[in-house]
Structure formats: C-alpha cells, structure tokens
Amino acid sequence: MVQTVTRQQELVQGAATPSIGARRGARRRVAVPVMLLLAWSMLAAVIVLALLQPWLGLPDPAAQRLTDRLQPPLGFGGSWEHPLGTDHLGRDLLSRLLAGARVSLGLASLGVVISLTLGTVLGLLAGFLRGLVDQAISFAIDVQLSVPFLVIALAALTLFGTGLPVLIALLGLSGWEQYARLARALSLRASQELYVVAARSLGVSTTRILWRHILPNTAAPLLVLATLQFTSLLFLESALSFLGLGVQPPTPSWGNMLGDARNYLQIGPWAVLFPGLTLLLVTLAVNATGDWLRDVTDPTLYRR
Amino acid sequence: MRDQLMSRRRLLRMATMGASGVLLSSALLACRQEASDQATPTAVTGASGSANTPTPLVSQSSNPANTPTVASTPTLAERPELRVGVQGLPPVLDPDQALSNVGTRVTYSMFDYLIERDFLSGPTPGSGFELVPMIAAQWERLDDVTIEFRLREDVRFHNGDPLTAEDVVFTFQRLLDNPPDVLREAKSYFSTVANVEAVDEYTVRFTTAYPDPIFEKRISSWGGWILPKSYYEQVGLEEFALRPVGTGPYRLADFRADDHLTLEAFDDYFGGRPTARRVTFRVIPEIQARVTALANGEVDIITNVPPDQVPILQQISGVEVRSIPLANCHVLRYNCNRPELRDKRIRQALNLAIDRKLLVDTLWGGLALLTRGYQFEDWGALYNPDRPFLPYDPDRARALLQEAGYNGELIRYNVKPGYYTLGVEAAQAIVEMWKAVGITAEVQLIDWADLPKEERMVGSWSNSNYLADPEGAFWLRWGKETATQRDWWTPENPRFNELGEQQRRTLDQQERYRMIQEMIDIWLDEAPGTVLYIPIEHYGVRMGVEWTPYSFYYMDFRPDNLKFS
Amino acid sequence: MARYVLARLLRALGTMWLAVTLIFVGLRLSGDPAAALLGPEADPEAIEALRHAWGLDQPLPVQYARYVSNLMQGDFGRSLREQRPVTDVVHERLPATALLAAAALALAVVIGIPAGVIAALHRGTLLDRSVMLGAMLGQGLPNFVLGLALILVFSFHLGWLPSGGLQGTRSLILPALTLSTYGIASLARFTRSAVLEVMGQDYLRTARAKGLPTSQILIHHLGRNAALTLVTVLGLQLSVAIAGAVVTETVFAWPGMGRLLTQATELRDFPVVQYGIVLVVLSVVGVNFVVDLLYGLIDPRIRLQA
C-alpha cells in the first residue's frame, strides 16, 4: 500500500524528484510566463485589498439593510454605494468579498501549513527511520486514507461545534497523509544515497541529517503538493458551508457566501457570481503556480 | 527496475478496482432496471401486490362476508397521477408518530377522523374551522363530560376490513393505556379523556375527566386518526409504522424514507372515489431543483417555497403560486432563568425593539401577517379583533433597558439554519435591531435544543395552532406543565396558570373569552417571549390542478379538494 | 508466503478496527439521538426511557463491547430513526451511490484521458492551451455551484434534462457530470504530464533511432503509464467521490448513501452512520488487501521486503 511510490505517483502529485546533481549549484535562470506574472499580481491584489478592507471606507460586512436586499451591481442598476451589489440581507458584497477573502484564504493557508508540517515531519521520519516508526506512521496513513473525511468532519463539527479553531484543526488534518506519503517515499530514496549512509555511519544526528540533507531535496515536490491542497481546502470549506457547518454568519467566507446565495441564483446572480468568480480566479492562479513550480523543478520534463 | 515492479502492483490494483467497478455498475444497472420494472421493493404494503386489486390481509373481522369491492380497472387508468415535490418526508408513517410538518402533510390523505375540520368552509377557503361529520355520522353531548358518536356503517380500511366502534376504542386506548414512548406526544393531546367505550357496533362513548369545551376539536385533529385494530394487533407498532393501514382516500403503495412516498387510490373510500389514481411525494431538498422540477413538468405541486422564489414561479408559464397564511407563528422564547434575562423589563425591551413590520415587508415581501398579541383568527369567538398589534417602540425599549440597569451583557440568539423559513435571516435582522437600541447581541447558528438548558438564552421557535383554539398553541406551548414552564419561564403572576387551568374546563364561551384575554395580557407583560409574525406558506402548482392549500400543513387530496381540468 | 498474507491481513483488520472504533466513540460523544428523535420539548422521562431502550445509558465500554459482539454475529443494529435493520436502510441506497460514482469515473476516464493525450501531443498549440484551460476551470469551482448552475441551464432554461432524483438514465447525466468534473480535469492534466514525461525519455529516442514508429512506442509506454495515472486518480476520485457525492447528492436529490450519512450524522442515527462508514472503509481496505495479496504472490521480493 503505502510502501512505495512510483515516479508516476510523484508526477500525479505534481512533483518530481530533482536529481541531487541538478540541484547542487544549479542556478538556472527561470523564465516566468507572462500569464503567471499576471496571476500573481492578481493574487497579490486580492490579498492586499483583503488585508486593507477595514480601512477602505466600505460598509461593514455584517451590516444589514433589509431595505437594500439584493441590489444589483454598478452598471446593472446599482450605485456606487454598493459597487458589487448586495446580498439577500442587504450586506455589501464588495466588503464581504474582501473580508471573506481573509477568512477563506487564511483558513486554507493555516490548514496547508498544519498539514504540510505534520505530514512532512511524519513522512520524513517514517522513511528515514524505518522499522516500527515506519509501520506505525504508515498504518496511520492507511487509516486516514480509508475513512471518508467529510463524514468525519461532519461528526466532528457536530461534536465540537463550528468554531474557527475546530475548522482549522479539521482542515489541517484533512490532507496530511498526502504529504506524509510523498515525504516518506522521497525520504526513503534519499536515505539510500551514499552520502547519507555515510553521514549516518559517522554518527551524525537524525535531526541534522533530515534537516540539512533530506529536507532540501524533498522541499520542492512538497511545495507543489501544497499548492494543490490549498485549493482543495478552499473547496472543502465551501462544501462544509453549503451543508451549514462551515464558517458561521455573520462572519463572511467565500464558502458561506456561495452557500447562502445559492437560493438566489435567479433573482440575484451577482451574489453567487462575484464570490464564485474570485474563487475561480484564485484557484486558477494557485494551480498555475503549482504547475509552473513543478515544471521548473523537474528539468527532464521539457526535454524533447 | 524498481519502478517497473511497483508499476505492476499499481496495474493490478487498477485492474482489480476497474474490473470490480465495471462488474458492480453493470450489475447495479441491471438490478435497478429490474427493480423499477417491478416497482415493488421492500417497503410495499401487503395490501397491494400490483396496481389495483388489493389482496385482503388476513383479518379476524367478525364479518364473514369480508370481500372488498374494488372499482373496475379501466376507470383507474383514466385518472391522472399527482406528483408533489417536497422538502422532506417523515421517517415512519404511523400518523401519531409522524406529528410534524413533513409527516402530517402526507398522512392526511391516508387516515380520517371522527369529525373533520372543514378547511373549505367560511369566507376564506383553506382557513375554515367548521366541524363536519366524517367517520362519525353524528355526535352529541349527553352531559358535561360525556360525548357520544354514532359512526357511519360504510367505512372500510385499506385492507378491506370494515370499521366499527372497536377500532375507535382501540385507537384511543392505544394512546391512553401506557403507550410506548414514541406516542407520548399524541397522548398528550387527549389528556382530558378518562374513558372510551363501545356502546354497540357503531356507537362510541367518550368520558372526559372534567368538562372539556373543545373535545370535538381535539377529535378532529392530531391523534384523532382512526386506526385498524385487527391489523395493528397482528403486525405491531413497528411494522405498522412502515406499512400502515387507514381509511383515507389513498393507501400506501411504496415508501422509501428520504426519497419518495407513493400512494395509490383507494376506491372504496366512503367519501367518494379519489380523483387521482396515484399520488407520489418526491423529496427534492434544494429549492432551485424543486422550482426546476415544477417548471419542467416533473412534478405538479411543490411545497416550502420561500417568498423570494415567488416572483420566479409567477413568471413560469403554466404554473401559479397559491398562498395561504398558516395557523402557525414564528416566535422567540426567552430563558428567563438566565441572569441576563431575569428582569422582565429587559425582555419587554427586547420585544419593543423589534420592527416586525419591517421584517414582514423586507424578508417576506409583505406576505406575512402581524398578530394582535398572541392570537389566531381561527379562534373564532375567542378572538379579539380590537387588540392592538405588537408594538415597535425603540425609545421605550432604551428607557426600559436603562431602568433595569442593563449593562451590555451578551444576549445570544439561537437559530437552526434551514429549519424555519427565513429563520436565519430574521435572526440576523433582529440582532441588528437589538444592537440599535444598545443591546449586545449575536446570532448563534446552533439549535437551542443542542445546548444544555442553562446556556440557552433566546431560542427561535414556532407554534403551530393545531386546534382552532387557544388550547391549540397558546396554552399548549406556554402553559403549566409544558417544557416552556419547566425549562424557560416560571410565571411571576400565578393568575396565568390559574386562568389556564380554569379555561380548559369552562364550557361557557364568554367566560373562556375573558379568561384567555386576561392570560394574554399577563403573557405580554411578563414577556417570556414574543410573536414575530404568521408566515404565509406558498405552493407552486401546475395550472389545471385544482387543489386548495390549507392553513395547516395538511395536503388534502380528498375528492372534494382535488380535481384536474 | 503465509507470513506475508498474515501481515497484510492483520494490517487490513487493524485499519478497519481503528476506523470503526474512532467513529463509534466520536458519535456517542456528539449528542443524544433520543432527544433528536423525540424533540427537545419532550418529557425528560420519555427521552430517558428511549435511551434505555437503545442501550445508550450504559457506560461507553459496555456499549462498545455489545456493539462488537453484535458485529461478530452479523447484527449491525437497527436504524434509530427508521426503526428497521440498518443493513436494509443502507443497502437500499448503495446502488444509487455506486451508480453515480461509476458513471463519474467512467466520464473521467473517457473524457479526461483522451483530452490529456491530445493536449500532450499538440503541446504548445492553441488546442493544448484550451484543453488545459478547460481543465483548470473544471478544478476551479466548488461542486454545488457547478451543479446548481447546470440545473439552471440544462433543466430550468433549456428543459433538456430532469432536475434530479433517480428517474432513468437521463437523470444520471447532470449529477455524474458534476461529480466527475474534478476528475476529468485532474486526469487530463496528469495524462498530459505523463505523456510528456514519456516523450522526453531517452529510450524513446533510442527506439525511434532504431526505426520504430513513434506511435507504436507511445502506445506501448503510454498504455502502462496511463494505467498508473488512472489508478492514482482513481484513488483521488474515490475520496472526492465520497465527499463530493454528499454535496452532489443533496443538490440533485440523489437517493444515495452520501445524503443518508449526512442526515444520519445530523440526526444522530448512530447505527446507520457506523454501518455506512464500515462499508466505505471495508471497500477501500479490501481492495488494497486483495491487490497486496496478489502482488505478493507474483513477486517474491516484495514479500521478503515486508
């Protein structure tokens, strides 16, 4: 099951192991496509605006005006007061979009960081130390793989409530096994390299070996995986919100904005359109970055 | 080389999964086809093996000539099928267990009462409250505590058994004599009954523990459905809940909880031949999908249409919206045991700060009704049309808060998303209104039922007026020995409970009127909660289906309320 | 060999046991089904009586012991809500979910792989870029948004397809499409990478230099690589299918297990949730076990390595 990973699997997970030789001293100039630069600037703009939202002079994201329900955006009968229109409770969509960006992107980022750290540490240890540690960690990975995560999430949310800490913990726990598997395989391979074996026999400590020698070579594929997981966490949050268990109102998140607005697709499509479009663009940008990272870290891919 | 070895393993995995996937899905497809061809999966009632001819269940009826007469098949095929798109279905079909909106909606056409509340009577068809004979041909009060019913002699159950006084006696004894826990609620609606007995084959006599002014109304409502004694005793509680038998115009054909319920016409119905050959309730949880199903002609009626969707439905050709105010009100209930809410002035302030008219106009498009105190118009003679509407007075609210020494303590409003129509929206709006008068408040999307009692503060709730009488909701939900007085509120003024006890034993309408009105005054003063509004229920209906919605959750498909043109 | 089989078997059983236990404990800590069934306003005595009837008032270890011993005898309990055997309740809904998952998988394979191959073979052209853009879009929206949009367009406005429910083959199209979108996109992208990877290999150049036509080489190597990619995405699809199926099934009123499990969790119908999870875990673990077994049979080195 978890014992091995093929090159194919690495490919599938958006990563490829750079050969040690290519890594050392390889400081090639990397060409960044224009589209990607555009994508990054868009991402940066979203993040900056999201962070600045409280000071932009926009209406309070939680402020309802029942008389202003489902106002259309500017250009379709709307006004500058609500440039993107309002939702079904009269709340300004633009400020909710930006505030929601903080929440959704923040949650996804935290989730990725937790997953990444947890999975990498466990995977590296499993691959390097082998034996009982490996058995235990592989077993944990199998269990995590076998059980349908969403149902667990539902049970957990019903059990512990829907506070942000619980949500973060859940998102963090939802994907660690992917990193662990990859890190384990890469660590397995790397620990068979001659210089690592030599270091071990010389008595260099495990931590030092992992940190100085193995981790740098595994970082790139893991990071690529992280970009993929980032977007799936965004979607997980929105699925939970759809089912009523995600971020709770009045705190906006892209997930619960979409979930709430889905009943108004016909009378107020902008309430779905704007969060949906932004989510789509962010996902595209992040995925494109992941692809580019993968292409860049695996030189073999572009040989003809 | 290692790569290739590993790839073989992966190949094997793929092959196994792929092969099993293909085999599984083709098997499933085959089964599915077969199943839908046969249309008789597990939950089919014994009373119908095929489309029409009922196989009489073995019954120990005393009548030897127990052969059911069935209407001939050709006319059945001419009648249309009615399809209803609903938001949900009850898990079981025992009418006394399915005492919910989703439950009574579908069981209403499967069972009958002794007395029927004629919703079609009166000036507003659908909201009527006149009582007319149903299974009972006539009834009279022999004295203050005794009511005698004379039954029709032509009523049959779906399995062919004729209905006699024994069945009536059995129905109520099931509720009153140490009922199983799931029937406790139904029992509570007949708490005034001391005894029920059969005088002869078609005469039943009830004795109440004390004079009950509304006994006939009770008989015509929840818990009053007459059930078959023989069949029930054969199959037992659990089996009956899955394969029930009643006397109504439609009987069970197929039931898959959370997916569909199919009823077929029972042509032996004493109230006339059913006008549809089949009624199917299909579960469609998403409102967009329900609307689409109606627009496409996949269903003929859809339920639970929120006000926002009404304009969309109105634009679809061949479809119209039928609306009716429900005998139900959305209310708030306050946990008066909490320090934040102990002072009634604070509670009064909470009530005064709510602009109900604004809620109605903006959330409901004006399609909800405000109430005069806690009253329903179908109380009839007990309704006071001159009582003022619930006031909106933010200034007075602020003054009261000051008087009471309110210090910014957090007030939490609990509402369960998706449960009450527009419940969350109303909660969010109301919390903003409270903030506007200086109350620190927040919405919490956890059902108050999931919180321990001490933590509940403001709970969103609804009261269904299941009887056209204050006993139907007001006393039933706020009275002595209710969960409200147990967990949320102990009346400061003992008069409330005294009056409550008295009014339910007083046969004099005038007296009862005075008592009820005084009780309402106390309730408004102590403010253990408040009424928000009476929601209007909207149905989307295909034109050509002549069906009138009722002011309660029942969907009545009896021949006088369902015609096709 | 026997040791290998035993090790694998123990591993599989261990996984199952741990998963089931975690669910068991978690569910029981999460709330009271008796209150959920009778309503919060019910008599506390009635609630207590029901809890007693269901054995929920026992201490947790006792409940667990009873559960396990029942499992051994094949008794999975009765649905608290529907009052009939859990196996009936769940098995009724299995076919619908399996059908949807199979259809989504088929779509992913039938559309995704060829798309990826075409994109790789025409790398750099407009065709390639369009396919990749399509794939990215497919991975860019949450399931329910896509599903509802599809309903609005194809069912409401165009009236071509039914709005949901399991009503014959046509009603399968929209839900399967919604569920498979992510899979199609993933598969297309990964197939493309795989093909590109193969095309960049040295042995390809060698083979071509030897005179073999490119197509033949590609098919030979692509075949294996596509299978591998397929398998991995299959794994991804499985977990996405379970999670995505919940959402898709709700949007399309699909009478499947996903919706059942969600509702059962919300209503605290423990026996149903437990059994549902057991089934899912069983299928995943089962397949893995069988494959490991077969593979151990074929290649002795793997057995020894274990």
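Student: What makes Arg262(A) buried?

Tutor: This is a predicted model, and every value is computed from it. Arg262(A) has a relative accessible area of 15%. Buried means under 20%. So Arg262(A) is buried.

Student: Why is the contact of Arg262(A) with Glu286(B) called a salt bridge?

Tutor: The closest N and O atoms of the two are 2.8 Å apart. The cut-off is 4 Å, between a side-chain nitrogen of Lys or Arg and a carboxyl oxygen of Asp or Glu. The pair therefore qualifies as a salt bridge. Arg262(A) sits in the loop between α11 (254-261) and α12 (270-297) of chain A, and Glu286(B) in the loop between β10 (278-283) and α8 (287-296) of chain B, so two chains are joined.

Student: Is Glu286(B) buried or exposed?

Tutor: Buried, with a relative accessible area of 4%. The limit is under 20%.

Student: What makes Asp300(B) and Arg542(B) a salt bridge?

Tutor: Their side chains meet at 2.7 Å, N to O. The limit is 4 Å. Asp300(B) lies in the loop between α8 and β11 (301-305) of chain B, Arg542(B) in strand β18, so the bridge ties parts that are 242 residues apart in sequence.

Student: Which labels do Asp300(B) and Arg542(B) get for accessibility?

Tutor: Asp300(B) is at 0% and counts as buried. Arg542(B) is at 31%. Buried is under 20% and exposed over 50%, with partly exposed in between. Arg542(B) is therefore partly exposed.

Student: How do you know that Arg192(C) and Asp128(C) form a salt bridge?

Tutor: Their N to O distance is 2.9 Å, and 4 Å is the cut-off. Arg192(C) is in helix α8 (residues 170-199) and Asp128(C) in helix α6 (residues 126-138) of chain C, so parts 64 residues apart in sequence are tied together. Both residues are buried.

Student: How many salt bridges does the structure hold over all chains?

Tutor: There are 52.

Student: Why is helix α10 of chain B called largely enclosed?

Tutor: Seven of its nine residues (344-352) are buried, so the rest of the structure largely encloses the helix. Among the buried ones are Ile346(B), Arg347(B) and Leu352(B). The cover includes β13 (328-334), α11 (356-363) and β18 (529-542) of chain B.

Student: What reaches the backbone nitrogen of Arg345(B) at the start of α10(B)?

Tutor: A side-chain oxygen of Asp343(B), to within 2.8 Å. The polar-contact limit is 3.5 Å.

Notes
Residues numbered from 1 in each chain as written. Chains lettered and ligands numbered in written order. Predicted model: local features only at pLDDT ≥ 70, side-chain atom pairs only at ≥ 80, totals over all residues. Heavy atoms only, no water. Buried < 20%, exposed > 50% of the residue type's maximum accessible area, 1.4 Å probe, protein only. Helix = DSSP H or I, 4+ residues; strand = E, 2+ residues; numbered from the N terminus. Contact = heavy atoms within 4.5 Å. Polar contact = N/O pair within 3.5 Å; in protein donor to acceptor, adjacent residues only side chain to side chain.
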